[in-house]
Amino acid sequence: MPKNRVPFGRRAFLLGLGVLAGAGALAVADRSEDGTSRTTLTMSGEGSLRERATRKSLIYGAAARYKTLSTDSDLAASFVKECAMLVPENELKWNVIRAQPNSFNFAPGDWMANFAKKHDLLFRGTPLVWYKSFPKWFESKVTSQNAEKMLVEHIEKVAGHYAGKIHSWDVVNEAINIEDKNPDGLRNSPWLKFLGPDYIEIAFRAAAQADPQALLVYNDYGLEYDTPAETARRNAVLKLLERLKSKGTPVHILGVQAHLLRRGNEMSDFNPATVKAFLDDVASMGLKIMITEIDVTDEKLPKDVAARDRIVASAYEDYLSVALENPATIGVLTWGLSDRSTWLTKNKPRADGAPVRPLPLDAQLNRKLAWQAIARTLDKAPERPSQHQTRT
Ligand code: XIL
């Protein structure tokens, strides 16, 4: 095992100790570099993730769906209590917002923007450009001849509609796919096919014009683990960001999705030094960092809920401890708040049929060990200067 890796079993064990310490104040063992116990910290109080993050001038928020938020008042109440930012999970995607080529359906997104305003939440948009979630008409209507016009018009309309209400936009989502074997690791998206690599810059420039206030994000997944595949992805993302910066492209944030344990076997592939070095490289380009979609897939974890929750919490704690240490990191968003509404129910169901438990709150909206882990990493995070999470 490489020197910097913290043995996973040891960490799960330490978290287990925290659980035994029990109610109210949770005693946790801090780890020295070899994973052995060093000090005992106490996390006290019931303060929400929102409060804990805000104390450090960080943002904690989550994704939610219009249908859930507008019909499930208990979930909505927990959301408002725990979160300082709302991200529409699907409502601003092409297939929802532009189901017809020439009309835009802003209703669900507007409802969510109003919910955010009413409850004093920041509002975030995702994505303006993606290789997925196209409406049915896309294939027959978009060609090399009109692609740039379609793309720019879409960004003008959508980012323009929400201008002044959006903290940050995922302008381009998931543009890297090494397996496609294109130069620079770019994904074979329809946009690459129609416009070549310049589509990314075109999109950022259009977004900056349409909403001069929003922070503009390049967002991607598979940047967390120390495997050859993810090392290649990290390098491709760094190269892409360098290229964009060198051309003066208005990109302000790297969004790291951080869907952890997606394949279920990455536990031993977590290397804090690798994550740290990557985020340092991003920050050295003058970019901010946001953890945009974190959750922990429990598809292949033990069925026993207590054991499973410990492993999930441990994955959050390991990753966020490193990510929040970086002064350029401005916030953490989980991809959902409660296990009662998570994309992983469909996307990564368990073979044994047990409900998945990837998020900070359980299906009854109780705080889980994952919540405690996120709370602890926020409490440990160095304080940021105020306003650092907005455009400076
Ligand atoms: C997912 C949603 O959660 C699902 O409900 C939808 O069916 C598909 O998209 N990376 C992203 C998100 O950038 O937009 C994806 O959201 C999850 C992976």
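**Entry 1: ligand site**

I kept in mind that this is a predicted model. I started by listing what surrounds the ligand, and got R65, E89, N90, K93, W130, N173, E174, Q257, H259, E293, W335 and W343. Sorted by class, that shell comes to 3 nonpolar, 4 polar and 5 charged residues.

Next I looked up individual distances. On the nitrogen side, a ligand nitrogen sits 3.2 Å from a polar atom in the side chain of E174. For ligand oxygen, I found a distance of 2.9 Å to a side-chain N or O atom of E293. W335 also gave me 2.9 Å, again between an N or O atom of its side chain and an oxygen atom of the ligand. How much of the ligand's accessible area does the protein cover? I get 77% of the 410 Å² that the ligand has on its own.

**Entry 2: E82**

I then moved to E82, which I found in helix α4, spanning residues 73-82. Is E82 buried or exposed? Its relative accessible area is 2%, and the cut-off for buried is under 20%, so I put E82 down as buried.

I checked what the E82 side chain pairs with. One of its polar atoms lies 3.0 Å from the backbone nitrogen of L49. The side chain also makes a polar contact with the side chain of W371, at 3.1 Å.

Technical notes
Residues are numbered from 1 along each chain as its sequence is written. This is a predicted model: local features need pLDDT of at least 70, side-chain atom pairs count only at pLDDT 80 or more; totals for chains, interfaces and linings use all residues. Side-chain values use heavy atoms; hydrogens and water are left out. A residue is near a molecule or strand if one of its heavy atoms lies within 4 Å of it. A polar contact is a pair of N or O atoms within 3.5 Å; within protein, one must be able to donate a hydrogen and the other to accept it, and residues adjacent in sequence count only if both atoms are side-chain atoms. Accessible areas come from the Shrake-Rupley method with a 1.4 Å probe; for residues, only the protein chains shown count as cover. Ala, Val, Leu, Ile, Met, Phe, Trp, Tyr, Cys and Pro count as nonpolar, Asp, Glu, Lys and Arg as charged, and the others, Gly among them, as polar. Helices (H or I, at least four residues) and strands (E, at least two) are DSSP runs, numbered from the N terminus. Buried means under 20% relative accessible area, exposed over 50%, partly exposed in between (1.4 Å probe, protein chains only).
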